[in-house]
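Hello,

Here is the structure I promised to pass on. My notes follow below it.

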Amino acid sequence: MGDLEGDWAVVSIGAVPNVEWLADSGLTIDDGVVCDDNLVAAHGVWAVGDVARWDNPRYGRLERHEHWTTAVRHGQHVARSIASGAPSPVSEVPYVWSDQFDWRIQTVGRAATDEVHFTSGADQHVVLSVEDGLVTGVTTINSQGRCLRARQLLQVVDPTLDAVVERLGLAAFAQTG
């Protein structure tokens, strides 16, 4: 990979779930409370938010999403499941955002991939994470409309790079990888 230069760097380091108090609970603990795709950890026990490590059918693996928006969505999902008596799978694409001074940083999908494409202009920035020719994640700075469209594109399948470039209106972009 070539040298990259810039004035700023944002590093996201994640969090370690506080689950030590559950050690003797009988729940499966492995980088969080392990749940099925309905967020059920055991009969009558659900886990939500960044402590929940659930089987996400969207990606076919256990995941933990570390952002308050996940806690809200999970809480709503569990409440609906309990109230209706009909649990349903939580299949979601990760989404996080942060306001840093006058920057709105948003990420949708999986950003840790093999290939990165980026474009910048008019104080807006877009980074596309690509794996095996498909876009698995999009990070935007000050480009909320593009992030919304990216969320819609990534909901069902990982789209091709060409489809994302066209749909997001990214005429030219640079590549590193």
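Which strands do the buried residues of helix 1 pack against? They pack against strand 3 (45-46), strand 4 (52-56) and strand 6 (95-100).

First, the ground rules. This is a predicted model, where local features need pLDDT of at least 70, side-chain atom pairs count only at pLDDT 80 or more, and totals for chains, interfaces and linings use all residues. Residues are numbered from 1 along each chain as its sequence is written, and side-chain values use heavy atoms, with hydrogens and water left out.

Now helix 1. Helices (H or I, at least four residues) and strands (E, at least two) are DSSP runs, numbered from the N terminus. The buried residues of helix 1 are T69, T70, H74, H77, V78 and S81. They lie on the same side of helix 1, because they cover an arc of only 160° around the axis. The arc is that of the directions from the helix axis to the C-beta atoms. W68, R80 and A83 are exposed on the other side. Buried means under 20% relative accessible area and exposed over 50%, with partly exposed in between (1.4 Å probe, protein chains only). After helix 1 comes G85, with a positive phi near 75°.

Then the whole chain. It has three helices and 11 strands. Their order along the sequence is β-β-β-β-β-α-β-β-β-β-β-α-α-β. Of its 177 residues, 38% count as buried. The C-alpha atoms fill a box of roughly 50 × 30 × 30 Å, taken along the principal axes.

Best wishes

Note on methods. Contact = heavy atoms within 4.5 Å.
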